[in-house]
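Reader: I have a chain open and want to talk about the space inside. Can we go through that?

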Amino acid sequence: MKYFISRFFCIFAPMLRAKLYLLAIIFCLGLSARANSDVSSSPVLEEQSEATLDSVALTPAKEIREFSRDMESVEFVPKGQWIAGVSVSYSMSSQSKYQFLIFEDISGDTYSFKISPMVMYVVRPDLALGGRFSYARSLTKLEGADIVLDSETDYEVDHLYRLSHNYYGTVMMRNYFSIGRSKRFGFFNELQLQLGGGQSKLTTGVGDDLTGTYERNFSLDLGLAPGLCVFLNNYSALEVNIGVLGFSYTATKAIKDQIYVSRRNSKSANFRINLFSIQFGVAFYL
């Protein structure tokens, strides 16, 4: 009997110990999980977590600084000033038996005249609105000229007469800005809208060979003309501007020998410096 009891303990004792160890481990794990759940549900920890979230939510975002070039500029033209100016150009030439390249024996007279008064008002500092009126007239009298291409090819032109005059009205908006902190030197940017019209006549020959053409034209121009302004004193300044950007439209009607009628329309966009549009003038700031 003792033998069987000793064999029973020898066989089943290890198995019982293993089961006891397993029950002990499960019991310990259960106690640990319960303790963790009690701690996580603690009101103190909940308040701490909520405070942490609130502090994160209330933390302001990093301020983004605006980029600035720190360009210095002062008030160049004060509000309330009147700007009055005028630009005048005149040229005349006379030739007698003059030669130039393929042109020989040129004899004749030419002249051109243009005047452009301007009035503007400064509606706010460095911003002016106003207008300009222009009148242009030109005359060419060519008594005779020869066009010689080579020793066997030449053309003769005589008794050529051309007279033209045109009128232009321009609405302008001008924005000034100084060069640094200087109140004597500054730039301006001028936006122009111009309407114009005129007429011209051209005749060649004499007697039975006389022929002539009469033309009427209409033009529309929209352009941008930057310029430079130099004050001589508090009330007068020298100005120069040049057209760099613009759109132009011209419509022309021609009548030849009072019989033949023709029409010509042209459009152009200019995105380069136009040397023929340079204007010099004197302006008075009152």
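Reader: What classes do the residues lining the largest cavity divide into?
Author: Six are nonpolar, six polar and three charged. Here Ala, Val, Leu, Ile, Met, Phe, Trp, Tyr, Cys and Pro count as nonpolar, Asp, Glu, Lys and Arg as charged, and the others, Gly among them, as polar. This is a predicted model, where local features need pLDDT of at least 70, side-chain atom pairs count only at pLDDT 80 or more, and totals for chains, interfaces and linings use all residues. Residues are numbered from 1 along each chain as its sequence is written, and side-chain values use heavy atoms, with hydrogens and water left out.

Reader: ok, and what volume does the largest cavity have?
Author: About 140 Å³. A cavity is a set of points, on a 1 Å grid over the protein atoms alone, where a 1.4 Å probe fits but cannot get out; lining residues have an atom within 4 Å of a point. Points are joined across faces, edges and corners, and the volume is the space filled by probe spheres set on them.

Reader: New topic. How many helices and strands are in the chain?
Author: Two helices and ten strands. Along the sequence, the pattern is α-α-β-β-β-β-β-β-β-β-β-β.

Terms used
Helices (H or I, at least four residues) and strands (E, at least two) are DSSP runs, numbered from the N terminus. On a 1 Å grid over the protein atoms alone, a cavity is a set of points where a 1.4 Å probe fits but cannot get out, and a pocket is an open set with protein on both sides within 12 Å along at least five of seven lines; lining residues have an atom within 4 Å of a point.
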